[in-house]
Amino acid sequence: ARQAEAELAAGFDRGPLHGIPWGAKDLLNAEGYPTSWGAVPYKDQRFSGDGHVTAKLRDAGAVLVAKLGMVELAGGMGYNQPNASLTGPGKSPWNVDSWAGGSSSGSGSAVGAGAVGFAIGSETWGSIVTPAAFCGISGLRPTYGRVSRRGAMALSWTLDKLGPMARSADDCGLVLDVIAGHDPGDPTSAQRHFRYPDPTTRSSGFRIGVVSDKLDQCQPEVQANFEASLAVLAEFATLEDAELPDLPANEVAGAIIQAELSSLFEELMTSGDVRQLTAPEDRINGLASLALPAHVYLRALRIRRHISAAMDALCAKYDALVAPTLPNVASPIDQDFNAYFARANRSQLGAAANAAGLPGIAIPNGFGERGLPTSITFTGAAWSESSLLAIANAYQERTTWHQQQPQL
């Protein structure tokens, strides 16, 4: 921070993130600091050198001030309760008796509380957009391959993505501008240029597909806030009903994650160290993945190709798809997920988008029960982050939900 102050005073400006404090989900390597992956067996591990994203932000002048708590092993072991981390359950800044969401719980909570200007989270299946929704902030899931994952814990090689979490969509764009781009050290990072703001992106005249087939299963406030959001979107976009492909995206994403994590964490499970994990179910669930038949994984990969093709065809019709991020506000911090989420279907759009590697951004759109935030998500075609950010920015220019702050 002192270095940034001295550089700025001398007229050396590294860009809009220069001097801005940020926090890293504790699966990102940072030179000189532990990287615990949120799990007791790894609480003291250290890596030499920064991860790619950490280094890019350092070079942009951003100041790393915290490694942020996360669900142990990014939730891959199938946790069923908020208390699934060596640091304890993540707390929503809007109500500390409620969950911050997983697995980037600390990133969502720290940004929502104003403790950092922005944070980096990771998403394999909802781990950026869920804490963004529960903590009343904006969270951007980039296209698979947009951001290098070198120096970050892997949960699922073919699904993991790193992305920014911040107050506004505009801030997410500024961060993505720094961290996006090809990295020779990560063969899955794409040679795709990203520029923010993109001067070629329009600010109105968008065509948005509305995914509302399960809206009646949302909490009443979530439904009402979504419908109010559609009225705002109609001021600058054409809205049409959109139907998701009828394919088993949830089952496919789940099978791929289980197969790939069993390879990554085989030694943890076979050595017995898995018994050190915090959540009791995490000590057991991962073992089942070791017995997942190869033909199930291969079938999931084959079906994923159909999901990707169907989602590509759907997204080609629109600048974005819009849906409630989640059907409910944050769960109580002491409640089992099976009890709280019994009436809520897991997001089929989120599963399909992650299986296909598509980008999305979650932004706040109001409040629901217990004074907790609600959220909407825009999902787009691969490499369409500029359009998604433009739509989210246009919405936030007409609303103030992203400017609300909890009374801590």
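How much space lies in the largest cavity? About 40 Å³. Before going on, a word on sources. This is a predicted model, where local features need pLDDT of at least 70, side-chain atom pairs count only at pLDDT 80 or more, and totals for chains, interfaces and linings use all residues. Residues are numbered from 1 along each chain as its sequence is written, and side-chain values use heavy atoms, with hydrogens and water left out.

Back to the cavities. Rolling a probe the size of a water molecule over the atoms shows where empty space is left. Here a cavity is a set of points, on a 1 Å grid over the protein atoms alone, where a 1.4 Å probe fits but cannot get out. Points are joined across faces, edges and corners, and a volume is the space filled by probe spheres set on the points. Three cavities reach 30 Å³ or more by this rule. Which residues line the largest cavity? A lining residue has an atom within 4 Å of a point. The lining is G69, M70, V71, P82, S85, T87, G88, P89, G90, W99 and S105.

Next, A84. This residue sits in the loop between β2 (63–68) and β3 (91–92). Helices (H or I, at least four residues) and strands (E, at least two) are DSSP runs, numbered from the N terminus. A84 counts as buried because its relative accessibility is 0%. The cut-offs: buried is under 20% relative accessible area, exposed is over 50%, and partly exposed is in between, with a 1.4 Å probe and protein chains only. Contact means heavy atoms within 4.5 Å. Not counting residues up to four places away in sequence, A84 touches M70, V71, E72, Y79, T278, A279 and D282. Take E72 from that list: 12 residues from A84 in sequence, and 6.0 Å from A84 in space, C-alpha to C-alpha.

M70 comes up again with D26. D26 is in the loop between β1 (21–25) and α2. Its relative accessible area is 9%, so D26 is buried. Beyond four places in sequence, D26 contacts P34, T35, S36, W37, G38, K67, L68 and M70.

Now into helix α2, residues 52–59. V53 lies there. Buried or exposed? V53 is buried, at 0% relative accessibility. Leaving out residues up to four places away, V53 touches L28, I120, V147, S148, L162 and I179.

I179 takes us to helix α5, residues 169–179. Its buried residues are A169, C172, G173, V175, L176, V178 and I179. What covers them? The cover includes α2, β5 (118–123), β6 (138–141), β7 (161–166), β11 (360–367) and α13 (385–397). Just after α5, G181 takes a positive phi of about 125°.

On to charges. A salt bridge is a side-chain nitrogen of Lys or Arg within 4 Å of a carboxyl oxygen of Asp or Glu. How many does the whole structure hold? The search finds 13.

R141 pairs with E123, closest N and O atoms 3.0 Å apart. R141 lies in strand β6 and E123 in strand β5, so the pair ties together parts 18 residues apart in sequence. R141 is buried at 2%. E123 is buried too, at 0%.

E235 bridges to R398, with 3.4 Å between the closest N and O atoms. This pair links distant parts of the chain, 163 residues apart: E235 is in the loop between α6 (220–233) and β9 (237–241), and R398 is in the segment after α13. E235 is exposed, at 55%. R398 is partly exposed, at 38%.

D59 and R58 meet at 3.4 Å, N to O. D59 is partly exposed at 45%, and R58 is partly exposed at 46%. Shared partners join D50, R58 and D59 into one network of salt bridges.

Last stop, E260. Its place is helix α7, residues 249–264. E260 is buried yet has no salt bridge. How far away is the nearest side chain of opposite charge? That is R304, at 5.1 Å. For charge, Lys and Arg count as positive and Asp and Glu as negative, while His and the chain ends are not counted. E260 does make a side-chain polar contact with the side chain of Y297, at 2.7 Å. A polar contact is a pair of N or O atoms within 3.5 Å; within protein, one must be able to donate a hydrogen and the other to accept it, and residues adjacent in sequence count only if both atoms are side-chain atoms. Beyond four places in sequence, E260 touches L155, S156, W157, T158 and Y297.

How values were computed. On a 1 Å grid over the protein atoms alone, a cavity is a set of points where a 1.4 Å probe fits but cannot get out, and a pocket is an open set with protein on both sides within 12 Å along at least five of seven lines; lining residues have an atom within 4 Å of a point.
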